[in-house]
Amino acid sequence: MSELHKFLFDGMPVRGMIVRLTEAWQEILARRASNTSTGAYPTPVAELLGEMTAAATLMQANIKFNGALILQIFGDGPVKVAVAEVKPDLSLRATAKVVGELASDAHLPEMVNVSNKGRCAITLDPKDKLPGQQPYQGVVPLHGDSGEKLGRLSEVLQHYMLQSEQLDTTLVLAADDKVAAGLLIQRLPVKGEANLEGTAAGDRNQANEDQIGHNEDYNRISILASTLTRDELLTLDVETILRRLFWEEKLLRFEPQSGMLGPHFACTCGRERVAQMIRGLGVEEAEGILVERGDIEVGCDFCGKQYRFDAVDVAQLFTAPGDQLPASPVMQ
Ligand SMILES: [Zn+2]
């Protein structure tokens with residue numbers, strides 16, 4: 001089951017989190033794979049999207065914000081856009097648009113940063129927007145300060161965290177066709193979070209900036225975290241990972257979150273919504289598509305799930321409720 005674990009390092013200004021997405025991640029891949037117009041994600045795209053989904057879950061769980069966190073990459077290569085969205089209840093979905101060919105061993109630059117124009121955006125979209133309120137969005141390039149292309153998503157996001165929150169952050173991310181996982185280690189703000197609202201914001205930022213890269217506890221724990229390999233992150237359970245990495249540290253653990261309280265897949269699409277849309281087209285247009293293509297296929301833009309209506313399904317949509325045929329089985 002997908003799970004999220006939060007912990008603190010006792011007496012030190014350092015917190016951590018591990019996320020392991022299993023069935024939630026497999027659902028994202030399965031929806032895409034069963035879509036006959038796109039087919040499954042190429043392996044490198046699946047790995048990138050899995051890392052994005054794990055990272056977005058960690059970032060959502062790391063903030064107190066009542067709204068969706070949306071992590072997007074706008075690429076200048078074959079991957080035009082990749083999106084992972086996580087809501088405060090840790091429901092998540094993800095998708096990517098791929099155009100053209102991709103080498104099976106492509107890395108981040110070949111996928112989304114061919115001409116060094118790729119961008120990564122983090123959007124916080126409030127659930128209950130006030131009139132005129134815009135979502136907050138931060139954008140970072142996919143290159144370092146000297147223009148060098150970054151090879152890993154974790155480097156891009158560490159850069160973002162440092163810029164946007166003035167907090168040292170270490171991320172280890174990995175994904176394959178079964179698991180998408182991530183470890184986050186972050187230095188806590190120098191003063192309590194309550195001060196974020198206070199008037200001493202200038203002092204706080206100064207105190208924080210002075211600590212960047214200089215907190216010995218954080219630096220030691222960050223080095224330990226960085227030794228975690230992709231294989232270990234994907235195959236070991238959370239207890240084993242924490243024991244191997246931090247056996248000399250005293251951890252304060254929070255109750256792990258799993259099931260409906262943990263990360264879980266959810267998309268707002270559904271067969272009935274698509275049926276409404278086809279009804280909206282009108283009987284003539286719907287039958288026109290049937291003549292041309294044999295059936296009507298509609299894919300969800302947010303999760304890739306494809307809904308298929310054949311001639312019998314469509315006839316039913318336009319039949320008065322009283323004389324409907326028995327319901328046909330739902331396509332999976
Ligand atoms: Zn959907």
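Mentor: A term first: strands here are DSSP runs of at least two residues, numbered from the N terminus. Please also keep in mind that this is a predicted model. With that settled, strands E8 and E9 are linked by a hairpin of 4 residues.

Trainee: How many bridges join E8 to E9, and in which sense do they run?

Mentor: There are 7 bridges between E8, residues 169-175, and E9, and the two strands run antiparallel. One of the pairs is Ala174 with Ala181 of E9.

Trainee: And what about E2 and E9?

Mentor: E2, residues 14-21, also pairs with E9 in the antiparallel sense, over 8 bridges. Within that pairing, Gly16 has Ile185 as its bridge partner in E9.

Trainee: Why is E9 described as largely enclosed?

Mentor: Because 8 of the 8 residues of E9, which spans 180-187, are buried, the strand is largely enclosed by the rest of the structure.

Trainee: Which residues point which way from E9?

Mentor: Ala180, Gly182, Leu184 and Gln186 point one way, while Ala181, Leu183, Ile185 and Arg187 point the other, and all of them are buried. In a regular strand, side chains alternate between the two faces of the sheet.

Trainee: Changing topic: which residues touch the most other members of the largest nonpolar core?

Mentor: That core has 66 residues, and those with the most contacts to other members are Val45, Leu49, Met52, Ala54, Ala55, Ala56 and Ala84. Helix H2, residues 43-61, contributes the most to this core, with 11 residues.

Trainee: What does Val45 touch?

Mentor: Leaving aside residues up to four places away in sequence, Val45 touches Val79, Ala96, Val98, Leu102 and Met111. There is also a second, separate core of 6 residues, which includes Ile278, Ile296, Tyr307 and Val314.

Trainee: What are the domain bounds?

Mentor: The domain assignment gives domain 1 as 3-265 and domain 2 as 271-323. Over C-alpha atoms, their centres are 38 Å apart.

Trainee: How many residues are in contact between the two domains?

Mentor: On the domain 1 side there are 10, in contact with 7 residues of domain 2. The elements giving two or more residues to that side of domain 1 are helix H1 (23-33) and strand E5 (91-98). H1 gives the most, with 3 residues. By type, the residues on that side divide into 1 nonpolar, 6 polar and 3 charged.

Note on methods. Residues numbered from 1 in each chain as written. Predicted model: local features only at pLDDT ≥ 70, side-chain atom pairs only at ≥ 80, totals over all residues. Domains from an automatic or database assignment. Nonpolar A, V, L, I, M, F, W, Y, C, P; charged D, E, K, R; others polar. Core = buried A, V, L, I, M, F, W, Y, C linked by C-beta atoms within 7 Å. Buried ≥ 20, exposed ≤ 12 C-beta atoms within 10 Å, placed from the backbone. Pairing = 2+ DSSP bridges.
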